[in-house]
Amino acid sequence: MRTSTNAITSTKEDYIRAIYILHKTDRGEGVTHISKRLGLGKSTVSERVKELVRDGLVTAEPYGQIRLTTKGMNVALKLTYKHRIIEVFLYETLKISKNKVHEEAEKLEHAFSDGAIKRLAKFLNYPKNDPHGSTIPKIKGWN
């Protein structure tokens, strides 16, 4: 049975996505890198990483790299998909400038259900790239 402590909260989603982005950009995935990306203290990040390890979302070497597990990678890809679909909607439909869509999408990606994102993607005719040119990942059953 899944307890509330194992739920993937928006805070945990932020960590997972930060690790994913750092990995994709070869900037490292250690506590220091994550703390800089999220603007948080190293001790705060270390505690959250322990939770992510316990939840089976990441693996962590002592004082080393933090890597997404398959489960964590699936969460990261869905979050990235949501984020980029929202960016496309904000840019193409609401005409919000490219330099502002990222910040707005950061807030909204946690609020949209999977079903709403699937419908939004269909409404947008399943875009392949976000307004910045980044590829929108393929999610089985979503696009």
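Lys95 is exposed, with a relative accessible area of 65%. Here exposed means over 50% relative accessible area, buried means under 20%, and partly exposed lies in between (1.4 Å probe, protein chains only). This is a predicted model: local features need pLDDT of at least 70, side-chain atom pairs count only at pLDDT 80 or more, and totals for chains, interfaces and linings use all residues. Residues are numbered from 1 along each chain as its sequence is written, and side-chain values use heavy atoms, with hydrogens and water left out.

Lys95 sits in the loop between helix 4 (70–93) and helix 5 (98–108). Helices (H or I, at least four residues) and strands (E, at least two) are DSSP runs, numbered from the N terminus. The phi of Lys95 is positive, in a residue other than glycine. Asn125, in the segment after helix 6, also has a positive phi and is not glycine.

| Residue | Phi | Relative accessible area |
|---|---|---|
| Lys95 | near 60° | 65% |
| Asn125 | near 65° | 63% |

Now helix 6. Its buried residues are Ile117, Leu120 and Ala121. They lie on the same side of helix 6 because they cover an arc of only 100° around the axis, taken from the directions from the helix axis to the C-beta atoms. On the other side, Arg119, Lys122 and Phe123 are exposed. Helix 4 is among the elements that cover the buried residues of helix 6.

Take Ile117, in helix 6 (residues 114–123). Its relative accessible area is 0%. Which residues does Ile117 touch, not counting residues up to four places away in sequence? They are Tyr81, Lys82, Ile85, Ile86, Phe112 and Trp142. Contact means heavy atoms within 4.5 Å. Ile117 and Trp142 are 25 residues apart along the chain, yet their C-alpha atoms are separated by 8.6 Å.

Next, the cores. A nonpolar core is a set of buried Ala, Val, Leu, Ile, Met, Phe, Trp, Tyr and Cys residues joined through side-chain atoms within 4.5 Å. The largest has 17 residues. Ile16, Ile19, Ile34, Leu52, Val58, Ile66 and Leu68 touch the most other members. Helix 1 (10–24), helix 3 (42–54), strand 2 (66–68) and helix 4 each give two or more residues to this core. Helix 1 gives the most, with six. A second, separate core has 14 residues, including Tyr81, Leu90, Ile139 and Trp142. In soluble globular proteins, nonpolar side chains tend to be buried together.
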